[in-house]
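Trainee: Let's go through this predicted model together. I'll ask, you reason.

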Amino acid sequence: MKHFTSVKDIPNLKKAVEMAFEVKKDRFAWQHLGKNKTMVLVFFNSSLRTRLSTQKAAMNLGMNTMVLNVNDDGWNLESELGSVMDGDKPEHLLEAIPVIGRFCDIIGVRSFARFNSKEEDYSERILSQFVDYSGVPVVSMEAATRHPLQSFADLVSIEEYKTKTRPRVVLTWAPHPRALPQAVANSFVEWMRETDYELVVTHPEGYELAPEFMGDVKVEYNQKKAFEGADFIYAKNWASYSHYGQILSRDFSWTVNEEKMAATNHARFMHCLPVRRNVVVTDGVIDSSASIVIEQAANREITAQTVLKMILEHSKEGGKINQ
Ligand code: CP
């Protein structure tokens with residue numbers, strides 16, 4: 001695997017999950033792989049889990065890490081091709097990216113949806129430029145339309161906690177005061193579709209995800225019905241895709257609460273975090289024994305390390321790194 005921007009980059013998902021469990025057993029067993037190699041983590045947006053887990057994962061493999069917070073530390077970067085740069089952005093990604101690439105062996109990039117336009121976000125302009133111009137492997141640390149490192153941790157968490165071969169996994173929309181990207185939801189659906197789990201997505205009308213992610217996945221508009229018999233409840237807010245970036249509902253009747261969880265099959269509660277308590281989910285649910293959100297977040301280190309390990313191994317086998 002050279003780049004990691006979606007589940008499609010993983011050659012064999014079953015083996016990747018097995019490898020994640022191997023990593024979890026002894027995360028320091030591959031320190032030789034990253035010796036004298038450097039990872040730069042570039043953030044265009046805030047992060048707690050992704051920053052710490054990916055840095056820790058790289059360090060577990062013996063790598064050095066450097067973090068660049070573009071909005072705080074660096075020049076304001078232009079991403080539009082052909083732009084006349086007479087505004088507030090003194091440097092273009094076309095120079096910044098290959099320069100960053102000269103200082104490292106792997107680049108991690110986080111660039112959220114900007115909600116200026118659906119076309120801009122869904123073309124993944126920033127992430128694509130890193131892939132095209134860096135000259136080194138690129139790991140998406142969440143982009144405009146996907147959050148694959150999160151989804152890999154979600155999958156490993158479900159594998160850890162499932163009590164049957166084919167669990168019923170429910171992704172539920174939940175209210176939020178701000179317009180959030182569809183990336184986590186898109187990606188979760190994309191990864192779940194690679195499994196044989198029963199996947200149900202529930203949300204109010206108007207919150208349908210992009211068809212390219214949903215495929216033939218069932219949408220159940222009645223949240224109560226969706227929860228019946230569920231083994232996992234994954235809560236997440238996202239802004240509308242059809243009315244791009246808009247908040248169509250703040251309906252608190254979609255908040256995940258104890259009464260709804262009681263209708264499930266003793267479901268585990270999941271969320272990628274950060275989470276708005278008593279908006280997305282009640283204290284009673286997130287503080288209950290059903291909640292696995294902390295273990296889920298902890299698995300971010302394991303799955304990030306699995307991804308970096310695969311990239312480093314690919315480079316050792318002849319795939320170019322830092323060409
Ligand atoms: N879940 C997640 O990506 O968290 P951060 O935004 O804190 O990195």
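Trainee: How many helices and strands are in the chain?
Mentor: Count both kinds of element along the chain. The chain holds eleven strands. Its helices number 13.

Trainee: Why is the chain called as compact as a globular protein of that length?
Mentor: Take the globule rule for 323 residues, which gives 20 Å. The chain is close to that value, so it is as compact as a globular protein of that length. Its radius of gyration is 20 Å.

Trainee: What share of the 323 residues is buried?
Mentor: Buried here means under 20% relative accessible area. Apply that cut-off to the 323 residues of the chain, and the buried share is 57%.

Trainee: What is the strand order in the open sheet of four strands?
Mentor: The pairing is parallel. β2 (64–69) and β6 (138–140) each have a single partner strand, so both stand at the edges. From one strand to the next, the twist averages 20 degrees. The order is β2-β1-β5-β6.

Trainee: Which residue in β2 is the bridge partner of Leu41?
Mentor: Start from β1, residues 38–43. Six bridges join β1 to β2, and the two run parallel. In β2, the partner of Leu41 is Val67.

Trainee: Which helix packs on the sheet, touching β1, β5 and β6?
Mentor: Look at residues 125–133. Their helix makes about 160 degrees with the direction of β6. β5, one of the strands touched, covers 106–110. The helix is α6.

Terms used:
Residues are numbered from 1 along each chain as its sequence is written. This is a predicted model: local features need pLDDT of at least 70, side-chain atom pairs count only at pLDDT 80 or more; totals for chains, interfaces and linings use all residues. Side-chain values use heavy atoms; hydrogens and water are left out. Two strands pair if DSSP finds at least two bridges between them. Axes are lines fitted to C-alpha atoms, for helices over the stretch in contact, and angles run from 0 to 180 degrees between N-to-C directions. Contact means heavy atoms within 4.5 Å. The radius of gyration is taken over C-alpha atoms; the globule rule is 2.2 Å times the number of residues to the power 0.38. Buried means under 20% relative accessible area, exposed over 50%, partly exposed in between (1.4 Å probe, protein chains only).
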